[in-house]
Amino acid sequence: GNLTSVTVFFLLGFSHYPKVEVIVFVLCLLMYLITLLGNIILISITILDSHLHKPMYFFLSNLSFLDIWYTSSAFTPMLTNFVTGENTISFVGCVAQMYFSLAMGATECVLLSLMAYDRYVAICNPLRYPIIMNKKVCLQIAAGSWLTGYLTTLVETVFVLQLSLCGHNTINHFACEILAVLKLVCVDTSMVELLMLVITTLILPMPVLLICISYAFILSNILRISSVGGQSKAFSTCAAHLTVVVLFFGTALSMYLKPSAVDSQEIDKFIALVYGGLTPMLNPIIYSLRNKEVKAAMKRLLIRNPFGTVLISVLNNIRASTLI
């Protein structure tokens, strides 16, 4: 029967390696908690501080929201199964996990490319930036990113659900990842694989190309700036975004566009951990540590809080003691 005839799936995860499984659980739990904390703080700061009511931070809030949902859809069932000892997931849960993790990943690809366009306008057309990137345009860009991710993923998911299984319902993965689910299918998957290749090419390499074009113009503009301080400031505004792009697209490309001859499910699992856990965890850290406006906004919010002044005093004392 096809996938819809299955009521429950078994997830192998890292059960073949009990010692590794414990380490992976601890690491995933830490990554998940840090991801939640970091991204919630970043979203809160951009909402509460009026100085951050800018297009860049609006897109950054969308990115943080995406990372929270993506990590939750990928890691929550795995962490729950490890605690309960039941490595199972219902059909509805599996489809939901497969759909939302794909949708969030696709949306992030599009959003990161449009964030590169935002940086291009800010650096290459600074005087026209408020006009070009007005509130309406920002909302349209964000809505377009979400719509593209969800619609392309819907097509992939519907096609996969029409395929027939070989009588197996054991997925050699810690999540209902689409490539792992396809390995259960016993019919010809060439049409589905072709469809996935077309969509993946549109969602991964095309945004990368747009990002490269945007940064080519940005670099050309930066090199024409006469002052070293101006060049440094321009580079610093792009450094965080570029770091996130390299981390995200590097792991995504290695997973979804690797040669078909390379078939190692164990390697895929570890790539999925980096792609689904490490990158969303590092995003808020990268943007906050390298961004003076975010750090200033955090300090302002701490000062408003009754406990903020105490915390700032403690941090300043720690910093002073390290300098001594």
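Ser113 sits in helix H3, which covers residues 91–124. Keep in mind that this is a predicted model.

**Exercise 1.** Work out whether Ser113 is buried or exposed, and find which residues Ser113 touches.

*Solution.* Start with the accessibility: Ser113 has a relative value of 7%. Buried means under 20%, so Ser113 counts as buried. Next, look for its neighbours, skipping residues up to four places away in sequence: Ser113 touches Pro207, Leu210 and Ile211.

**Exercise 2.** Describe how H3 and H8 are arranged: at what angle do their axes cross, and what is the handedness of the crossing?

*Solution.* Helix H8 spans residues 205–223, and its axis comes within 9 Å of the H3 axis. The two axes cross at roughly 15°. Angles under 35 degrees count as roughly parallel, so H3 is roughly parallel to H8. As for handedness, the H3 and H8 crossing is left-handed.

**Exercise 3.** Find which residues of H3 and H8 meet, and sort the contact by class.

*Solution.* Take the H3 side to begin with: Cys109, Leu112, Ser113, Ala116, Tyr117, Arg119, Tyr120, Ile123 and Cys124 take part. Across from them, H8 brings Pro207, Leu210, Ile211, Ser214, Tyr215, Phe217, Ile218, Asn221 and Ile222. Sorted by class, the contact of H3 with H8 has 14 nonpolar, three polar and one charged residues.

**Exercise 4.** Now for the rings: how many aromatic pairs are there, and what is the geometry of the pair formed by Phe65 and Trp69?

*Solution.* The count comes to 12 aromatic pairs. In the pair of Phe65 and Trp69, the centres are 6.1 Å apart and the planes are at 65°. Planes over 60 degrees apart count as edge-to-face, and that is how this pair is classed. Both residues belong to helix H2 (residues 55–84), four residues apart, or about one turn of the helix. Phe65 is partly exposed at 37% relative accessible area, and Trp69 is also partly exposed, at 46%.

**Exercise 5.** Follow Phe65 to Trp146: where does each lie, and how are their rings set?

*Solution.* The ring centres of Phe65 and Trp146 are 5.8 Å apart with planes at 50°, so the pair is tilted. Phe65 lies in H2 and Trp146 in helix H5 (residues 135–161), 81 residues apart, so this pair links distant parts of the chain. Putting the rings together, Phe65, Trp69, Tyr99, Phe100, Trp146 and Tyr150 make up one aromatic cluster.

Notes
Residues are numbered from 1 along each chain as its sequence is written. This is a predicted model: local features need pLDDT of at least 70, side-chain atom pairs count only at pLDDT 80 or more; totals for chains, interfaces and linings use all residues. Side-chain values use heavy atoms; hydrogens and water are left out. Helices (H or I, at least four residues) and strands (E, at least two) are DSSP runs, numbered from the N terminus. Buried means under 20% relative accessible area, exposed over 50%, partly exposed in between (1.4 Å probe, protein chains only). Contact means heavy atoms within 4.5 Å. Axes are lines fitted to C-alpha atoms, for helices over the stretch in contact, and angles run from 0 to 180 degrees between N-to-C directions. Angles under 35 degrees count as roughly parallel, over 145 as roughly antiparallel, 65 to 115 as roughly perpendicular and the rest as oblique. A crossing is left-handed if the near helix is turned anticlockwise from the far one by less than a right angle, and right-handed if clockwise. Ala, Val, Leu, Ile, Met, Phe, Trp, Tyr, Cys and Pro count as nonpolar, Asp, Glu, Lys and Arg as charged, and the others, Gly among them, as polar. Rings of Phe, Tyr and Trp (its six-membered ring) pair if their centres lie within 6.5 Å; planes under 30 degrees apart count as stacked, over 60 as edge-to-face and the rest as tilted.
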